[in-house]
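Please examine the sequence and the structure shown below before reading the report.

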Amino acid sequence: MISDRGQIERRRRRLRAELRALSEPPLMRGSVVERLRRCGRANCACARDPRARHGGTFFTVHLQGATQAEHVRPDDQAAVRAAVAAYQQLWTLNNALTAL
């Protein structure tokens with residue numbers, strides 16, 4: 001019969017291995033959001049019709065008491081989403097290790 005202590009130690013080793021694997025890809029705290037906005041040109045359709053607003057992908061993060069947003073180019077979206085997901089996975093592993 002496997003002891004509870006042995007199971008906990010195996011789980012802790014597995015979580016630490018996953019944590020080490022996360023040290024290689026970039027990590028970014030924040031969120032990736034899609035926003036619709038007006039471009040600011042008076043003669044554009046988006047100035048008259050809210051349904052004609054322009055879309056965009058933004059990376060947002062709360063820093064020094066304020067939320068900062070940065071436009072993400074289409075070529076960079078996959079990398080930014082992966083970095084945000086890796087950061088979220090880091091905290092999931094951290095919480096699991098703390099619980100053990």
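The report covers a helix pair, the cysteines and a strand residue.

## Basis

The model is predicted.

## Helix pair H1 and H2

Helix H1 spans residues 4-21 and helix H2 spans residues 77-99; their axes come within 10 Å and cross at roughly 160°. Because angles over 145 degrees count as roughly antiparallel, H1 is roughly antiparallel to H2. The crossing of H1 past H2 is left-handed.

On the H1 side, the contact is formed by Arg11, Arg12, Leu15, Arg16, Glu18 and Leu19. H2 contributes Gln89, Leu90, Leu93, Ala96 and Leu97. Sorted by class, the contact of H1 with H2 has six nonpolar, four charged and one polar residues.

## Cysteines

A disulfide is a covalent bond between the sulfur atoms of two cysteines. With a cut-off of within 2.5 Å between cysteine sulfur atoms, the count of disulfides is zero. For Cys39, the closest cysteine sulfur belongs to Cys46 and is 3.6 Å away, too far for a bond. Cys44 is likewise in no disulfide, with the sulfur of Cys46 as its nearest cysteine sulfur at 3.5 Å.

Cys39 is partly exposed, at 34% relative accessibility. Cys44 is buried, with a relative accessible area of 8%.

## Thr60 in strand S2

Thr60 belongs to strand S2, which covers residues 54-63. Its relative accessible area is 10%, so Thr60 counts as buried. Apart from neighbours within four places in sequence, Thr60 is in contact with Gly30, Ser31, Val33 and Arg35, and also with Thr67, Gln68 and Ala69.

Notes: Residues are numbered from 1 along each chain as its sequence is written. This is a predicted model: local features need pLDDT of at least 70, side-chain atom pairs count only at pLDDT 80 or more; totals for chains, interfaces and linings use all residues. Side-chain values use heavy atoms; hydrogens and water are left out. Helices (H or I, at least four residues) and strands (E, at least two) are DSSP runs, numbered from the N terminus. Buried means under 20% relative accessible area, exposed over 50%, partly exposed in between (1.4 Å probe, protein chains only). Contact means heavy atoms within 4.5 Å. Axes are lines fitted to C-alpha atoms, for helices over the stretch in contact, and angles run from 0 to 180 degrees between N-to-C directions. Angles under 35 degrees count as roughly parallel, over 145 as roughly antiparallel, 65 to 115 as roughly perpendicular and the rest as oblique. A crossing is left-handed if the near helix is turned anticlockwise from the far one by less than a right angle, and right-handed if clockwise. Ala, Val, Leu, Ile, Met, Phe, Trp, Tyr, Cys and Pro count as nonpolar, Asp, Glu, Lys and Arg as charged, and the others, Gly among them, as polar.
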